[in-house]
Amino acid sequence: MLPSKDVVAINEVVLRDGLQNEPNFVSTEEKIRLANSLSRTGVRRIEVSSFVSPKAIPNLRDAEDVFRGIERVPGVTYTALVPNERGIQRAIECKVDEVNLVMSIGEKHNLKNLRMTCAESLAQFKGIMGALAGTAISVNGTLATTFGCPFEGPQPVERVLWAIDTYLALGITGITIADTIGVANPRQVAKLVALIRKHHEDLPLTLHLHNTRDMGLANAMAAVDEGIRSFDSALGGIGGCPYAPGATGNVCTEDLVHMLHRCGIDTGVDLEALIDLSGKLSDILGHQVPGYVVKSGTSSRLYA
Ligand code: COA
Ligand code: ZN
């Protein structure tokens with residue numbers, strides 16, 4: 001169900017998109033602690049890990065242990081990224097609430113990232129939907145590189161609409177459009193979101209933004225104005241796809257929540273708790289995070 005008009009849902013992806021691109025492995029215990037803390041901040045969905053090849057993404061090789069270790073808070077959806085049929089077996093065994101399937105709009109990025117053509121990815125998804133039949137696991141589908149591919153450049157909107165139709169025909173119920181490499185601009189976002197919503201008015205549509213060129217929050221606001229009520233974002237603004245050259249962090253959760261709250265748009269998220277967690281994340285990673293409000297404080301900060 002889509003949240004109401006003035007409420008935006010936050011899907012926290014720091015444990016997946018965030019950690020997949022970090023130089024160092026974050027321990028399973030730290031991941032579990034972070035997931036448990038995030039579960040109590042009011043975020044709607046937590047992407048806990050990904051069931052991908054441990055050779056492709058060594059940082060998330062402990063997906064099973066993380067899933068086994070976390071406490072599940074009622075009302076929070078615990079999801080994981082899945083690229084293929086092997087991944088879905090692991091996800092089912094871990095009793096995920098939802099899976100997030102991923103394919104790129106750009107063929108070349110799909111080949112680099114998943115070593116499959118788009119047709120091969122879709123064939124995997126068909127098998128996955130079969131494997132999920134009769135389970136209570138819901139399925140979201142992400143379209144990576146929707147706003148531009150690092151190898152092919154801009155992608156035709158017709159291809160995006162085709163991919164959405166194809167996902168829906170497979171039985172996927174929620175769609176995420178992703179700006180994997182942070183090339184989208186606010187006008188482009190507004191136009192594409194309006195077009196998609198014209199074709200699929202009630203479709204649960206999520207936007208996944210990267211802040212590579214500092215357009216992340218502007219893009220988010222443009223999307224909200226066009227009716228988007230669900231965002232992926234990462235605590236601290238870390239993250240990125242290791243198979244997209246030059247990729248950098250997701251739009252930062254606490255910065256996004258701060259902006260939305262200042263605009264009078266509720267998220268149900270405890271901003272102070274997020275800022276506190278973002279400070280702890282820097283300690284865990286051993287470096288500063290890109291986010292702003294964790295350093296500056298909120299806009300209501302006063303000095304003596
Ligand atoms: N989970 C765990 N292991 C997996 C797996 C999965 N979902 N899918 C494949 N593997 C293993 C195979 O068992 C095999 O292992 P082995 O070498 O020990 O025999 C190995 O990976 C290769 O399998 P193959 O089916 O040939 O896969 P591939 O090498 O063509 O890679 C993917 C395909 C999809 C598995 C890989 O590209 C991948 O995991 N990509 C994810 C990238 C990512 O997460 N990017 C960021 C998010 S968008
Ligand atoms: Zn991403």
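I opened my notes on this predicted model with F67, which turned out to be buried at a relative accessible area of 3%. Burial here calls for a value under 20%, so F67 qualifies.

Next I looked for what F67 pairs with. Its ring partner is F51, and I read 5.7 Å between the two ring centres and 25° between the planes. Planes under 30 degrees apart count as stacked, so I logged F51 and F67 as a stacked pair. I then checked where the two sit: F67 belongs to helix α3 (63–69), while F51 is in the loop between β2 (45–50) and that helix. The partners are 16 residues apart, and the pair links distant parts of the chain. F51 is buried too, with a relative accessible area of 1%.

How many aromatic pairs does a search of the whole structure find? I got two, so on to F125 and Y167, which form an edge-to-face pair. For these rings I noted 5.8 Å centre to centre and 70° between the planes. This pair also links distant parts of the chain: F125 comes from helix α6 (residues 118–132) and Y167 from helix α7 (residues 157–170), 42 residues apart. Buried or exposed, I wondered, for F125? F125 is buried, at 0% relative accessibility, and Y167 is buried at 0% as well.

Last, I looked up charges over rings. R61 lies over the face of F25, 3.9 Å from the ring centre. I also found K112 with its charged end over the ring of F151, at 5.3 Å from the centre of that ring.

Notes: Residues numbered from 1 in each chain as written. Chains lettered and ligands numbered in written order. Predicted model: local features only at pLDDT ≥ 70, side-chain atom pairs only at ≥ 80, totals over all residues. Heavy atoms only, no water. Phe/Tyr/Trp six-rings, centres within 6.5 Å; stacked < 30°, edge-to-face > 60°. Helix = DSSP H or I, 4+ residues; strand = E, 2+ residues; numbered from the N terminus. Buried < 20%, exposed > 50% of the residue type's maximum accessible area, 1.4 Å probe, protein only. Lys NZ or Arg CZ within 6 Å of the ring centre and 35° of its normal.
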